[in-house]
Amino acid sequence: NQKETTFKVKFDKAEVGTTYRLELTIDDLQYASTYGTKVTGYSCNITRVLWNVIGTGTYIYNFWWAGYQPGMVLEQRDGTELYRLQDWGGGVTLFFEMIDGVPTIARQKIGDVHPSYGDVYIQSTDGEYVEEEKTYYFMTKYTVAAGSFGGDVEAFILD
């Protein structure tokens, strides 16, 4: 008896900007739930988005991690001010949004766990983009459930 499986759902003809409803149903109740509930399905909405490559660059870490990470690709979600850097820090995707010209990181997990305090988060509500330098500056703050570890200025510099 297999306890779990992996499957792919493809939307080969999905159009950018269109929202689709996904509904999965398990017909045989013996496979529906290992926890005794009567849930036999799952449904959600999926919207296909387009990420445009802005360029490559280097992220400079100054607090939780220290050093440089070159070769990162900066992408912007089509039609929005939402950006992402994949494989950032602890291997997660770092998202930030330009709000009134300020690169803003909403609180998100960094992919690292503190041995005493659990998941570590990053956020930044202050910073700037300096066009002449092609640099996004973030005034970062690293937190856990118990509070803040502090932070420093970190940056992403486009090549």
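Modeller: The account below begins with the overall fold and then turns to the aromatic rings.

The model is predicted. The C-alpha trace extends over about 60 × 45 × 25 Å along the principal axes. Of the 159 residues, 28% are buried. Among contacts between residues at least 6 apart in sequence, 39% join residues at least 24 apart.

Within this fold the structure holds 17 aromatic pairs. One of them is formed by Y59 and W88: the ring centres lie 5.8 Å apart with the planes at 90°, and the pair is therefore edge-to-face. Y59 belongs to strand 3 (residues 51–62) and W88 to strand 5 (residues 82–88), so the pair links distant parts of the chain, 29 residues apart. Y59 and W88 are both buried.

The pair of W64 and Y142 has another geometry. Here the ring centres are 6.3 Å apart and the planes meet at 20°, so this pair is stacked. W64 is located in the loop between strand 3 and strand 4 (66–77), and Y142 in strand 11 (residues 141–144); the pair therefore ties together parts that are 78 residues apart in sequence. Y142, at 0% relative accessibility, counts as buried.

Ring pairs also join residues into a cluster, whose members are Y59, Y61, W65, Y83, W88, F96, Y129, Y136 and F138. Y59 and W88, described above as an edge-to-face pair, are both among these members.

Two residues in loops complete the picture. D100 lies between strand 6 (92–99) and strand 7 (102–114), and its phi is near 50°, a positive value in a residue other than glycine. D100 is exposed, with a relative accessible area of 80%. K134, in the loop between strand 9 (127–130) and strand 10 (135–139), likewise has a positive phi near 50°. K134 is partly exposed, at a relative accessible area of 39%.

Terms used:
Residues numbered from 1 in each chain as written. Predicted model: local features only at pLDDT ≥ 70, side-chain atom pairs only at ≥ 80, totals over all residues. Heavy atoms only, no water. Buried < 20%, exposed > 50% of the residue type's maximum accessible area, 1.4 Å probe, protein only. Contact = heavy atoms within 4.5 Å. Helix = DSSP H or I, 4+ residues; strand = E, 2+ residues; numbered from the N terminus. Phe/Tyr/Trp six-rings, centres within 6.5 Å; stacked < 30°, edge-to-face > 60°.
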